[in-house]
Amino acid sequence: MEKIQTVIIDKEKDGIKKISSLLKGISSLEVIQTSSTLKDLKILLDERIVSIVLIGPSFDLNDLEKLLKANSNALRFVKVILLAGKTTADLLRKAIKLNIHDVLEFPFKFEDFNDSVERVVNTFSELTIEKLGGKKGKEDHFKKNSKKIVVFGTKGGSGKSFIATNLAIDLMGNKNNEVVLFDLNYQFGDIAIMLDLYPRNTIYDIVSVFDQLDEDMLNDFLTIHNSGIKVLPAPIDPTQNESISIEMTKKIVDMLSKISDYVIIDTPSGFSDNVLALLDEIDYICMVASMDVPSIKNLKITLQVLEQLKFPKEKILIILNRADSKVGITLDEIEDTLKRKIDITIPSNKIVPLTVNRGVPVVLEAPRSGIARSIKKLSSLLKANLEKTKEKSHLK
């Protein structure tokens, strides 16, 4: 493997010398530049030059925040390691939110820094590896044919965005899968907020380049969450919804499926034209309802509509959110009304609004909670059913 280009940035010349001396024993790095200003970091981010940037202890996180928020997409090419005089839990939390690769106490131990560099190598995307000198051609990077899963609900507040977000992260499976989360709720999508993301691009930014769009370009529009999932957020301005055509939506979903193992699509509440257009393309639809009569009524009507549209019943999973709520209606009564079983039940828990408000998915914040276990059960059920479908198709 070629050496990784490394840049050292510190306000103090003495700081640069100390950092440089500590790198002498690491053969995988090549220091190509030293600097005393963050302008050079901006150049690397703007040009998306594959590199490691070591920020010396004379800078603090506040110096970096605005620049990193504005260039979040470029951080899969430029891996920033912050060298701090002292590391604290608060500093680490803030660094994670800014997608900083690592924070090390300076002067760092060789073992700690070497481990951080190893993780840079392991987490660079295939596109990054190509820029490092890999021999794969562009078409080789995008051979995936992912499973497309829609999370749908006919009533606002059912929890579908919460479920879509956590499902996407759980499907990564210790980063063994590439997962894209697509916010199809173009007017009032909340995915970016729920993940505490500051996206540089939304789907609206693709409109102007739609005619030239390919998988490589689309990949650059995605925002990477610190969990590893990639996100295509909804427009910030609800009126921008009108600029996004059904043709564009379908093409983007098709392209996303070629650069990932799973595409999770969070939809608006109801059968929009975009949702209807995607029904023939998707592998599963997760129907989300809550423990109240209007929600169950809408769910029953939705199942009837899907039947009329000849959407396969075996591709529908029903998720009952807040299923342990004592509201005068039982699970048996709901199943009797729907004439089918509920596939997944998710309990109520005060941790939900806490994690949503903090922008930290519950499967990361509280992986042993009942809610996280339900999400994992949903993830496992989808994987098992998709595998069965794959085996049946091979037998035909």
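**Entry: Thr165.** I found Thr165 in helix H8, residues 160-171. Helices here are DSSP runs of H or I of at least four residues, strands are E runs of at least two, and both are numbered from the N terminus. The model is predicted, so local features need pLDDT of at least 70 and side-chain atom pairs count only at pLDDT 80 or more, while totals for chains, interfaces and linings use all residues. Residues are numbered from 1 along each chain as its sequence is written, and side-chain values use heavy atoms, with hydrogens and water left out.

Is Thr165 buried or exposed? Thr165 is buried, at a relative accessible area of 2%. Buried means under 20%, exposed over 50%, and partly exposed in between, with a 1.4 Å probe and protein chains only. I then listed what Thr165 touches, leaving out residues up to four places away in sequence: Leu181, Ile191, Met194, Leu195 and Pro361. Contact here means heavy atoms within 4.5 Å. I also checked Val151, 14 residues away along the chain; its C-alpha lies 9.8 Å from that of Thr165.

**Entry: strands.** I turned to E3, residues 51-55. Five of its five residues are buried, so the rest of the structure largely encloses E3. Ser51, Val53 and Ile55 are buried on one side, Ile52 and Leu54 on the other.

Which strands pair with E3? E1 (residues 4-9) runs parallel to E3, joined by four bridges. Pairing requires at least two DSSP bridges between the strands. Ile8 has Leu54 of E3 as its bridge partner. E4 also runs parallel to E3, with five bridges. There, Ile52 stands opposite Lys79. The chain goes from E3 through helix H3 (residues 61-70) to E4 in a right-handed β-α-β crossover. Right-handed means that, with the strands pointing away from the viewer, the path from the first strand over the helix to the second runs clockwise.

I followed E4 (residues 78-84) on to E5 (residues 102-105): parallel again, over four bridges. Leu83 has Leu104 as its partner in E5. This crossover, through helix H4 (residues 89-97), is right-handed.

**Entry: salt bridges.** I counted 13. The rule is a side-chain nitrogen of Lys or Arg within 4 Å of a carboxyl oxygen of Asp or Glu. Lys42 and Asp46 form one, with the closest N and O atoms 2.8 Å apart. They sit four residues apart in helix H2 (residues 39-47), which means about one helical turn separates them. Lys42 is partly exposed at 40%.
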